[in-house]
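Please have the sequence and the coordinates open while I talk.

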Amino acid sequence: MTKPRVKKALVIGLLLALAAAIGGGFLIWETFYKGNAGYPLKVIKQADALQDRILSFDSHITVPLEFGTAGNEADKDGPGQFDLVKAAKGRLSGAALTVFGWPEIWNGPNAPHRPTAGFVEAARNEQQARYTIITGMVRDFPERVGIAYTPDDFRRLHGEGKFAVFISMLNAYPLGNDLNQLDLWAARGMRMFGFSYVGNNDWADSSRPLPFFNDTPDALNGLSDTGKQAVQRLNDLGVIIDVSQMSSKALEQVSQLSRTPMVASHSAPRALVDIPRNLSDKEMQLIKDSGGVVQIVGFPTYLRPLSQPSQDKLNSLRSQFDLQPLRSLEMALMPGDAIITVWPEQRFGEYASGLYGIVEEEPKATLKDYGDAIDYAVKKIGIDHVGISSDFNDGGGLEGWKDVSQTRNVTAELLQRGYSEADIAKLWGGNFLRVWDTVQKAAKPTPTH
């Protein structure tokens, strides 16, 4: 009777060993191979270890208006590109969550609509809604997340194992001509302010004026008087000025007026994709000369030109709407032809829907493309003036960096390219924190306005 028992024991032992091997293999797969974008195991292990040690900061993530609702909870691994679960997986220390508002032309029946005076109030409500979402997340999960009002807060929260939220604001449109809104928002925790988005506003010209809004390029010749005053006010408040999406003239005027470093919170080099939304070498140099940082954005169509098949489809669409063939990529990425100024709303809606449908089908740029953009910026303006941003939840996302959980893959790409761990730490947050510290130290007490 002993032989069957021995056999049985051997079989059980083999099964247990096999199960252990499978379990261990699964753990290794989950840890090192799952979603690693094809990097060697040695590089992935080094990236994992480095990600655990450094302060990492993504300077532009949009908070969706549905964030925190059922199915989009902050503490669940949900459908969006950012939540606290994904941030922990990616070992991202913190991010600029953007209080953003603009004239939402697609709302309501028979959209799109040209903006009216009432759109300003709607955009303010949108800002408030995003701010409420951010502060609600911090209130509900104090053991996991906190707001960083200073660079020291950021470092403290990282040391406590909490995700650090940096509050930024994008687009002056909802503020009208009220400079006092800057004081209000700075008191509420805003630490970076971007003047521009799509379309000009009362403060600054955009790099993407929108004819549907009756915009023309350089309508203000850069900054308005309100915009010029805002530069001084932001300097006094210790708020970083974000020059992403500004027109070239507006950016140059900020560089002349600001006494503190500028930041481009989510931009890419124009040398890679020749569109006004990207930064020219001269603009990147102005940001460097200010002591600032260009945060390279993981936005696919800003990193790699549209493929010829996509351009062919766009030219076919343009022919249907009696538009000339594409002369530049600028008109490929947005409905920006001057003639659109006189189009009825329905015609604009049909063309815009067709255009964005084609662009969204374009294959995603990769982490290699992203690394090329970082390499270019570093060679042009130096390792101390370049940083990292995703633009998640507003068009960002690459092959290998589809959401915050894949943060480590960016580090792996940089290691693969030969960047030192010290330089990667600069790119991932060190440079931005230096600028933030400089801007806050230059603040001046402001009288009641």
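Predicted model: local features only at pLDDT ≥ 70, side-chain atom pairs only at ≥ 80, totals over all residues.

Let me begin with a contact between two helices, where Thr 407, Val 410, Thr 411, Leu 414 and Leu 415 in H15 meet Glu 421, Ile 424, Leu 427 and Trp 428 in H16, a contact being heavy atoms within 4.5 Å. By class, the residues of this contact of H15 with H16 divide into six nonpolar, two polar and one charged, where Ala, Val, Leu, Ile, Met, Phe, Trp, Tyr, Cys and Pro count as nonpolar, Asp, Glu, Lys and Arg as charged, and the others, Gly among them, as polar.

Residues are numbered from 1 along each chain as its sequence is written, and side-chain values use heavy atoms, with hydrogens and water left out. Helices (H or I, at least four residues) and strands (E, at least two) are DSSP runs, numbered from the N terminus.

Two packed helices are described by the angle between their axes and the distance between the axes. The axes here are lines fitted to C-alpha atoms, for helices over the stretch in contact, with angles running from 0 to 180 degrees between N-to-C directions. For H15 (residues 407-416) and H16 (residues 421-441), the axes come within 10 Å and cross at roughly 135°, and the two are therefore oblique to each other. On that scale, angles under 35 degrees count as roughly parallel, over 145 as roughly antiparallel, 65 to 115 as roughly perpendicular, and the rest as oblique. H15 passes H16 in a right-handed crossing; a crossing is right-handed if the near helix is turned clockwise from the far one by less than a right angle, and left-handed if anticlockwise.

H15 has a further partner in H14 (residues 367-381), which packs against H15 at an angle of about 60°, with the axes 10 Å apart. That makes H14 oblique to H15, and the crossing of H14 and H15 is right-handed. On the H14 side the residues are Leu 367, Lys 368, Tyr 370, Gly 371 and Ile 374, which meet Asn 409, Val 410, Glu 413 and Leu 414 in H15. The contact of H14 with H15 divides into five nonpolar, two polar and two charged residues.

Now consider H8, whose axis lies 10 Å from that of H9 (residues 281-289), at an angle of about 20°. That makes H8 roughly parallel to H9, and H8 passes H9 in a left-handed crossing. Ser 248, Leu 251, Glu 252 and Ser 255 in H8 meet Lys 282, Glu 283, Leu 286 and Ile 287 in H9, and by class this contact has three nonpolar, two polar and three charged residues.

Which residues does Ala 250 touch, not counting those up to four places away in sequence? Ala 250, which lies in helix H8, touches Ala 204, Asp 205, Gly 222 and Leu 223. Ala 250 is buried, with a relative accessible area of 0%, where buried means under 20% relative accessible area, exposed over 50% and partly exposed in between, with a 1.4 Å probe and protein chains only.

The loop between S6 and H8 holds Ser 244, and also Gln 245. At 0% relative accessibility, Ser 244 counts as buried, and leaving aside neighbours within four places in sequence, Ser 244 is in contact with Ser 196, Val 263, Ala 264, Ser 265, His 266 and Ser 267. Gln 245 is buried at 3%, and its phi is near 75°, a positive value in a residue other than glycine.

Arg 91, in the loop between helix H3 (84-90) and S2, has a positive phi of about 50° although it is not a glycine, and at 25% relative accessibility Arg 91 counts as partly exposed. A cis peptide bond joins Ala 111 and Pro 112, with omega about 10°, and Pro 112 is found in the loop between strand S2 (94-100) and helix H4 (118-140).
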